[in-house]
Amino acid sequence: MKPVAEAEIGRLRAAAYRVPTDSPESDGTIEWSHTGVVVVHVSAGGREGLGWTYGPRACAALLRDILFPAIEGLSALDVGGAWQAMVRSLRNAGRGGAGMMAISAVDLALWDLKARILGLPLAGLIGQVRDCVPIYGSGGFTSYTEGKLCRQLAGWAGSGIGRVKMKVGRDPSADRRRVRAARRAIGAGTELFVDANGAYSRKQALGMAQVFASESAVSWFEEPVSSDDLDGLRLLRDAGPAGMDIAAGEYGDSPGYFLRMIPAVDCLQADATRCGGITGFLKAAALCEAAHVPFSAHCAPQVHAHAGCAAPGLRHVEYFFDHARLDGLLFDGVLRPEKGRLRPDLGRAGHGMSLRGSGAERYRIQA
């Protein structure tokens, strides 16, 4: 085994997976029946790091053709240097979207690799400021019957998760009834969040915000209008009901994106599997800390259990149904909620997860 100082990035591998949902799913704007995952392994110093993004198989091509050649031979301990090298390599191909998702997978693998080389838990290596992260249960798809919606949300509430989120916007005429039903199912002691995924117009969203707040005590309204409509988000933030936070940011892929969005929301969201991995996530967290704006992690609960422990202004992590289910199918070492929190295992090096091998192989696709 090479000394730590000589740990150069060597073998790099990527594979794409396609995992069917347990039933058809939809939100306010799209429908889907599967989730794509691209998994990365990076080796150095006799150790191997694991990273992933919830993205299309196109990410795997970018990894093999552009990103892997850009970092091979670099020091595995210089994660920041590798991140910058990957960003530069995508200048002509385009850094946003699939490009940044591919960077995110490698960056997570590099942080995991560095932690394993040094024999440290990932949360400890990043620089944790808390020992666990609060979560909210997230699902409640618009494709669910009212009964299934209520059972899912009530199940999370009953397990000790103190906040839950449902989708709205597919059928605005039904949203009021569905949100009232959700409130009855979870009781008064659990926070209720809604997510329109940008399906409403500005005035429509403003009217629904008043209804959701007054009738069902909704305290979080995510993407009431398109995330591209910063003026619309600002309108909802300034004119919406007291006690309801307006949130957005999950599609952010650069510090500049987050910098522009911060003045338009009550709480900024970032996703380490989309915004450049842990490196990009921490940049977004620092911007929020400087602006005194709360911060929330979008989806990818196994990644954010560690990264969120290092974000001083973090409010919570989204425990998204699809990702929680998928992670259990593809990976070993998955963290489980404990009384509404995820707690990294500080006795394991890195993030402590590994690909399930034959268990994951059934979902692998040609990439």
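Predicted model: local features only at pLDDT ≥ 70, side-chain atom pairs only at ≥ 80, totals over all residues.
Residues are numbered from 1 along each chain as its sequence is written, and side-chain values use heavy atoms, with hydrogens and water left out.

Buried here is under 20% relative accessible area, with a 1.4 Å probe and protein chains only; strands are DSSP runs of E, at least two residues, numbered from the N terminus, and helices are runs of H or I, at least four.

On one side, β2 pairs with β1 (residues 12-26) in the antiparallel sense over 11 bridges, pairing being at least two DSSP bridges between two strands. Val 19 has Thr 35 in β2 as its bridge partner, and a hairpin of 4 residues links β1 to β2. β2 also runs antiparallel to β3 (residues 47-53), with 7 bridges; Val 38 is bridged to Thr 53 in β3.

The largest pocket holds about 530 Å³ of space. Of its 27 lining residues, Ile 30, Trp 32, Arg 274, Phe 320 and His 323 are the closest to its centre. A pocket is an open set of points on a 1 Å grid where a 1.4 Å probe fits, with protein on both sides within 12 Å along at least five of seven lines; lining residues have an atom within 4 Å of a point. Volume is the space filled by probe spheres set on the points, which are joined across faces, edges and corners. β2 gives the largest share of the lining, 4 residues.
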